[in-house]
Amino acid sequence: HLSKRLETVASFIPRGAALADIGSDHAYLPCYAYLHGYITRAIAGEVADGPLRSAKQQVEKAGLSHVISVRKGDGLAVLSPGEVDCITIAGMGGTLITNILEAGKDKLSGVQRLILQPNVGADVVRKWLMNNGWELIAERILKEDGKIYEVLVAEKGDGKKPYANIEAELLLGPFLLKEKNDVFLEKWNNELAHWKQIVRQLTEKAETESAAAKKRELEEKIKLVEEA
Ligand code: SAM
């Protein structure tokens with residue numbers, strides 16, 4: 001049984017894809033995707049020894065060693081160009097995800113779809129996609145075990161395409177903002193309350209140059225999110 005978070009990631013894998021799951025840890029995602037008939041084969045990439053071992057064990061236990069190749073390496077370095085058409089990267093910060101994509105740009109030429117699940121910093125990922133010719137085609141936001149997760153799906157295309165009000169939508173997500181579901185509202189109401197508390201603390205402090213700058217920056221973000 002897969003987490004709702006990873007099930008959501010898996011639901012966007014095109015049928016028949018050759019998949020690379022980078023930072024696969026236990027390799028649950030590629031195993032699930034194969035056993036449900038989503039993919040024909042997969043590469044599970046891991047940089048750390050512990051997770052690499054558990055990925056290998058899981059793939060063997062599931063009897064899938066002939067279709068899922070577990071490889072040790074940093075990011076997309078485990079791939080040859082053209083080897084896969086879909087890449088999933090889940091359960092990391094947005095900055096790490098974009099660093100992996102940036103460092104592995106030469107491996108992305110044959111890739112049709114990216115499915116990315118940043119734990120934090122989804123805006124960083126949206127910005128990278130926009131600036132690198134990847135069009136955001138779908139987004140999901142979900143809550144599981146008290147945590148809120150976002151899933152971003154992109155295909156090659158016009159990076160600027162889904163955006164109308166770029167500044168707000170890079171932060172909030174163009175599709176998520178349109179849908180405005182309960183989880184989305186909960187996330188951004190929490191963020192607003194948090195930012196407002198920091199602004200209050202910064203106001204109480206002696207007004208140093210940097211505190212004032214930080215306060216202005218937060219007030220702008222608060223305005224942006226409240227308007228949206
Ligand atoms: N993708 C799984 C999930 O969503 O449940 C595992 C997430 S786990 C929190 C993050 C994994 O990414 C860790 O196992 C870590 O070793 C791996 N990782 C971090 N940086 C990496 C990199 N540059 N290349 C490959 N794997 C990486």
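Colleague: How far apart do the C-alpha centres of domain 1 and domain 2 lie?

Modeller: Let us take the bounds and then the separation. In this predicted model, the chain is divided into domain 1, residues 4-163, and domain 2, residues 184-227. Their C-alpha centres lie 33 Å apart.

Colleague: What confidence scores accompany the model?

Modeller: The model scores ipTM 0.99 and pTM 0.96. For the chain, the mean pLDDT is 96, and 100% of the residues reach 70 or more.

Colleague: Which residues touch the most other members of the largest nonpolar core?

Modeller: The general idea comes before the case. In soluble globular proteins, nonpolar side chains tend to be buried together. Here the largest nonpolar core has 52 residues, and Ile13, Leu19 and Ala33 touch the most other members.

Colleague: Which residues does Leu19 touch, leaving aside those up to four places away in sequence?

Modeller: With that exclusion, Leu19 touches Ile13, Pro30, Ala33, Ile39, Ala42, Val84, Cys86 and Thr88.

Colleague: Is Cys86 buried or exposed?

Modeller: A count of neighbours decides the class. Cys86, in strand β4, is buried because it has 23 C-beta neighbours inside 10 Å, and the cut-off for a buried residue is 20 or more. Beyond four places in sequence, the contacts of Cys86 are Ile13, Pro14, Ala17, Leu19, Val111, Gln112, Arg113 and Ile115.

Colleague: Where does Ile115 lie, and which residues does Ile115 touch?

Modeller: Ile115 lies in strand β5, residues 113-118. Ile115 counts as buried because 24 C-beta neighbours fall inside 10 Å. Not counting residues up to four places away, Ile115 touches Val9, Phe12, Ile13, Cys86, Thr88, Val151 and Val153. By C-alpha, Ile115 and Glu209 are 41 Å apart in space and 94 residues apart in sequence.

Colleague: How many residues of α2 are buried, and what covers them?

Modeller: Six of the eight residues of α2 are buried, which leaves the helix mostly covered. The buried residues are Tyr28, Leu29, Pro30, Cys31, Tyr32 and Ala33. Their cover includes the helices α1 (4-10) and α3 (49-61), together with the strands β1, β2, β3 (68-72) and β4.

Colleague: Which residues around α2 have a positive phi?

Modeller: Asp25 and Ala27 both belong to the loop between β1 and α2. Phi is near 55° in Asp25, a residue other than glycine, and about 60° in Ala27, which is not a glycine either. Asp25 is partly exposed because 18 other C-beta atoms lie within 10 Å, whereas Ala27 is buried because 27 do. Just after α2, Gly37 takes a positive phi of about 75°.

Colleague: How many residues surround the ligand, and which are the closest?

Modeller: The ligand is surrounded by 17 residues, of which the closest are Gly23, Asp25, Pro51, Ala90 and Gly91. The elements giving two or more residues to this shell are β2 (39-46), β4 (86-92) and α4 (94-103). Three residues, the largest share, come from β4. By class, the shell has nine nonpolar, five polar and three charged residues.

How values were computed:
Residues numbered from 1 in each chain as written. Predicted model: local features only at pLDDT ≥ 70, side-chain atom pairs only at ≥ 80, totals over all residues. Core = buried A, V, L, I, M, F, W, Y, C linked by C-beta atoms within 7 Å. Buried ≥ 20, exposed ≤ 12 C-beta atoms within 10 Å, placed from the backbone. Contact = placed C-beta atoms within 7 Å. Near = placed C-beta within 6 Å. Helix = DSSP H or I, 4+ residues; strand = E, 2+ residues; numbered from the N terminus. Nonpolar A, V, L, I, M, F, W, Y, C, P; charged D, E, K, R; others polar. Domains from an automatic or database assignment. pLDDT = per-residue confidence, 0-100.
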